[in-house]
Amino acid sequence: MMATDLDRMISRPDAATHEVVVFGATSFVGKILCRYLLDTHGVGRDLKWALAGRSRQKLEKVRADLGDAAGSLELIEVDATDERSLRQMCQRACVVVSTVGPYALYGEPLVKACAESGTDYCDLTGEVQWIRRMIARYESTAKETGSRIIHCCGFDSIPSDLGVWFLQQEAQARFGKVCSRVKLRVKAARGGVSGGTIASLMNVLKESSKDPEIRRQLANPFSLCMGNSGQGVKQPSGNDIVFDKDFSSWTAPFIMSGINTRIVHRSNAILGYPYGNDFLYDESVLTGTGLRGWSRATASKLGLGLALLGPVRRMLARFVLPKPGQGPSLQQQQQGFFDIQLFGRTDTGQTLRVRVAGDRDPGYGSTAKMLGESAVCLARDVSKAECSGGFWTPASALGARLLTRLSSNAGVAFELLEGITAAATAEQ
């Protein structure tokens, strides 16, 4: 059930003139996000939104590239390091959606400004160590002002977070209990990577190489369940090459599991452990059956391990991988997709499967749509009486309302699989 008009008024700062402000509109994913908002929600119709960034000249070009329909979009010139201008922007917004990364380098001033001003915020970061710092530094302030802050509103980690939430809702409806064991497996995916994502990953690795505490945080699946007791049982790593009988396929490590698993466990903690204190969860990639499947899994794991070595990583970043501002072409985005399947088992042996699929490349085409609908959902559908200030996850704050938006607008499907064997090979 959608929020009433009164709820919408309650959920926004008094001086807000925009429901959504896209901060970082000139970035690679920011441009895709702006195109999506224009095509889906228009300008001067229902949604009030604006573009924000450091360079007015670049903002004007983004607006011009969007076409005549975007001519009335307001441009807000603001620097990520200027706290005064950030506060002024926040005072005019219900929700600020940020695409400015690496967030560990550039994101904190905006989170601080949103927390202090009571403005809601969402982003697409996958930087565990930075999220933990932001929670530690600003959650008490956000709770006082009513600011709702939601990280990880892209491919990491909405398919995982909402996928598990959806599976557990179905399990509760069918079995009268949740699944104590859930596996997520990437069946197939196609898409490129952008320089911004590479830069964020490189910064995480750089920080962890210098700080043993960060390495411990990155190794702990409950590192984002801060302030919650009951850390659960030892989790499966997902890093081993194993034959998964439930999917009839060999599996290889999934690079995004390091953030996704933390968000899923944080949702469980925030919601009061509805999945149970003994909930087990892991993610991996399906590589197929037989010798070929094992070979693909082995090659994938070795390649990932090699790419993460310092000298190899630096060489790839300098000569091979895209630079910030670069990324997959429009054609690559449109031809991309993802197909993820989840398997759940209750403690008494009942099982079910669900599927989460997207019609664009996961990292950019689908991520921009997920991020846009998260921002609109936060601004319009969830009042602060329902969801108070603090640091939330997509599932814990937005739940069914975001799932409905994604299914209706963003080409992201959530469906129950009945009588379907989820064996497949992963397309890289």
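R380 sits in helix α15, in what is a predicted model. Is R380 buried or exposed? Its relative accessible area is 10%, and the cut-off for buried is under 20%, so R380 counts as buried. Look next at where its side chain goes: the side chain of R380 makes a polar contact with that of E19, at 2.8 Å.

Stay with α15, which spans residues 362-380, and find its partner α2, residues 28-41. Two packed helices are described by the angle between their axes and the distance between the axes. Here the axes are 9 Å apart and the angle is about 60°, so the two helices are oblique to each other. The crossing of α2 over α15 is right-handed.

Now move to helix α4, residues 83-91. Which residues of α4 are buried? They are S85, L86, M89 and C90. Viewed down the helix axis, these buried residues fall within an arc of 140°, so they line one face of α4. Among the elements covering the buried residues of α4 are the strands β1, β2, β3 and β4, along with helix α6. Finally, look at the start of α4, where a side-chain oxygen of D82 comes to within 3.2 Å of the backbone nitrogen of R84.

Technical notes: Residues are numbered from 1 along each chain as its sequence is written. This is a predicted model: local features need pLDDT of at least 70, side-chain atom pairs count only at pLDDT 80 or more; totals for chains, interfaces and linings use all residues. Side-chain values use heavy atoms; hydrogens and water are left out. Buried means under 20% relative accessible area, exposed over 50%, partly exposed in between (1.4 Å probe, protein chains only). Helices (H or I, at least four residues) and strands (E, at least two) are DSSP runs, numbered from the N terminus. The arc is that of the directions from the helix axis to the C-beta atoms. Contact means heavy atoms within 4.5 Å. A polar contact is a pair of N or O atoms within 3.5 Å; within protein, one must be able to donate a hydrogen and the other to accept it, and residues adjacent in sequence count only if both atoms are side-chain atoms. Axes are lines fitted to C-alpha atoms, for helices over the stretch in contact, and angles run from 0 to 180 degrees between N-to-C directions. Angles under 35 degrees count as roughly parallel, over 145 as roughly antiparallel, 65 to 115 as roughly perpendicular and the rest as oblique. A crossing is left-handed if the near helix is turned anticlockwise from the far one by less than a right angle, and right-handed if clockwise.
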